[in-house]
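Hi,

Here is the structure I promised to pass on. Have a look at it first, and my notes follow below.

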Amino acid sequence: MPDNRVAIHGQWTSRWAFILAATGSAVGLGNIWKFPYIAGENGGSAFVLIYLFFIALIGIPVLMGEVLIGRRGHLSPAASVAAVAREAGASKLWSGIGWLGLSAGFLVLSFYAVIAGWALSYVFVSAKGSFSGASPEAIGNIFTALLASPWQLIFWQSMIVGITVLIVAKGVQKGLEKTVTLLMPGLFLLLLLMVGYAMTTGSFMQAVEFLFTPDFSKLTGAGILEALGHACFTLSLASGVMIMYGAYLPEGVSIARTSIAVAFIDTLVALLAGLAIFPIVFANGIAAGEGPGLIFVSLPIAFGQMPFGTFIGTLFFIMLVFAAFTTSISLIEAVVALLIEKRGTSRPKAAFIAGFAVWFAGLGTVMSLGAWEKITFNSLTGLDLKFVLFNQNFFDATAFIATNLMLPLGAFLLAVFCAWVMRDRDTAQELGMSETSLVYISWHWTMRIVAPILIVIVLLHAVGIDVLPLIGLSS
Ligand code: PHE
């Protein structure tokens, strides 16, 4: 029965619309840019295996928790958590989880839009044929020149934020849903094409082996924690997104089944991205552990040498832009919904205000890629504080605070809230399960014990408290 909270924002037209939108949020730079390079840095297969394990063990249960809070509250993240807390007779302070997520999502989007801008600019760089036959130095210089040019960065970042605003201004069904129904199948098609092409490079099996034959000697404790952190990041957990998208989910749709579908597709995309990228990388004699430059430098070098490289390269970056757009719209939606709820702002106006704020915050990232690169808290204050944050520039510090501190803290609180604060009968009812069913009990205990403990270890590791030796791992 649609109550007036549903009426404020609208709903997805179907279960598939939700799956596409949530997968659209989950699949992004994290899958195509970050996953391959961190897998590369951590020796490949064993890392991949641990990552899959964490998606199943922690990712899916926390994702279900968020979606269920959203659908029960039907409002923007903080208001949804507040409504659910009230129902459980718990303190309103729990709505802090929503605020934390919303702020983390905002910060993530501020730098995400800048990086998505790199991808957008590379569509044109590639289409012009700039990679074709160019030397590795020349291709490296294209990237360095882009990062050193604030005006170019601002131009591309503005395009990303601008289009995001235009989409979100149109509303849940006509904006978000329409966009994901168009872009997600497009992304899949492009990805399959890339994998098909990678199969012809002659190094496909080498990539398969790299990704799927586990070699545990390459895995470090820090790598394990990175896998867990990335499992949360790639599913867009604790950023308010999944609560918000859950709020638009019609009653009667199974939260467990849809969450599993979302996690499954997201993982599939990450693995396919690996299978598209590594054969090309190996076939051209490039190392797998190249770090963040993997797809902006190494891959273009390969595109420059390959048959149809200009065409394939352009399609690759178009695919990356699709992936980034469906994530950007999800990250801004919660802020927009909040403005609509609290201030009664019209959707287009709310989208514009949120977009402007995100764009403005992103200027900090833009500047830290150039002029402010060396400016850190310590350098500004003349202090010598040891914590890593104080030695990072604005961009690195924002990314660190949002992804390494706020998101894990949010995921921890979400697990605790769902499993210790909400009443079992409410969570079971929302999940459409019986409290005594095996699935429910597994979910419940994972959220009660396993997820909080593991996430706290990740969090402590991020702030430099090394718990790994205590559990018998080297860091
Ligand atoms: N899941 C997104 C990606 O993989 C990134 C993201 C992280 C989005 C956190 C929202 C919140 O690209």
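First, a definition: the radius of gyration here is taken over C-alpha atoms, and the globule rule it is held against is 2.2 Å times the number of residues to the power 0.38. For 475 residues that rule puts a compact globule near 23 Å, and the chain has 22 Å, which agrees.

Before the rest, the ground rules. This is a predicted model, so local features need pLDDT of at least 70 and side-chain atom pairs count only at pLDDT 80 or more, while totals for chains, interfaces and linings use all residues. Residues are numbered from 1 along each chain as its sequence is written, and side-chain values use heavy atoms, with hydrogens and water left out.

**Overall**

The chain has 20 helices and 0 strands (DSSP runs numbered from the N terminus: H or I of at least four residues for helices, E of at least two for strands). Its C-alpha atoms fill a box of roughly 65 × 55 × 55 Å along the principal axes. Accessible surface comes to about 18,300 Å², with 69% of that belonging to carbon and sulfur atoms (Shrake-Rupley with a 1.4 Å probe; for residues, only the protein chains shown count as cover). Buried residues make up 61% of the 475, where buried means under 20% relative accessible area, exposed over 50%, and partly exposed in between (1.4 Å probe, protein chains only). Taking contacts (heavy atoms within 4.5 Å) between residues at least 6 apart in sequence, 80% join residues at least 24 apart.

**The cores**

A nonpolar core is a set of buried Ala, Val, Leu, Ile, Met, Phe, Trp, Tyr and Cys residues joined through side-chain atoms within 4.5 Å. The largest one has 182 residues, and Trp 118 and Phe 316 touch the most other members. Helix α15 (residues 309-343) supplies the largest share of this core, 20 residues. There's also a second, separate core of 5 residues, including Leu 389 and Ala 462.

**Aromatics**

I get 30 aromatic pairs in the structure. Rings of Phe, Tyr and Trp (its six-membered ring) pair if their centres lie within 6.5 Å; planes under 30 degrees apart are stacked, over 60 edge-to-face, and the rest tilted. Two of the pairs:

- Trp 12 and Tyr 248 have ring centres 5.6 Å apart and planes at 75 degrees, so they are edge-to-face. Trp 12 sits in the loop between α1 (4-9) and α2 (15-26), and Tyr 248 in the loop between α12 (241-247) and α13 (255-283), so the pair ties together parts 236 residues apart in sequence. Both Trp 12 and Tyr 248 are buried.
- Tyr 122 and Phe 296 have centres 5.4 Å apart and planes at 90 degrees, so this pair is edge-to-face. Tyr 122 belongs to helix α6 (residues 96-127) and Phe 296 to the loop between α13 and α14 (298-305), so parts 174 residues apart in sequence are tied together. Tyr 122 counts as buried at 1% relative accessibility, and Phe 296 counts as buried at 0%.

Tyr 122 and Phe 296 also belong to one aromatic cluster, along with Trp 118, Phe 131, Phe 143, Phe 303, Phe 316 and Phe 317.

Some charges sit over rings too (NZ of Lys or CZ of Arg within 6 Å of the ring centre and within 35 degrees of the ring normal). Lys 34 lies over the face of Phe 233, 4.6 Å from the ring centre, and Arg 448 lies over the face of Trp 420 at 3.8 Å.

**Loops and backbone**

Ser 236 is not a glycine but has a positive phi of about 55 degrees. Its loop runs between α11 (221-234) and α12, and at 11% relative accessibility Ser 236 counts as buried. One of the residues touching Ser 236 is Ala 26, in helix α2, which counts as buried at 4%.

Phe 308 has a positive phi as well, near 60 degrees. Phe 308 is in the loop between α14 and α15 and counts as exposed, at 65% relative accessibility.

Lastly, Thr 376, in the loop between α16 (347-368) and α17 (377-381), is buried at 11%. Beyond four places in sequence, Thr 376 touches Phe 390, Asn 391, Gln 392 and Asn 393.

Cheers
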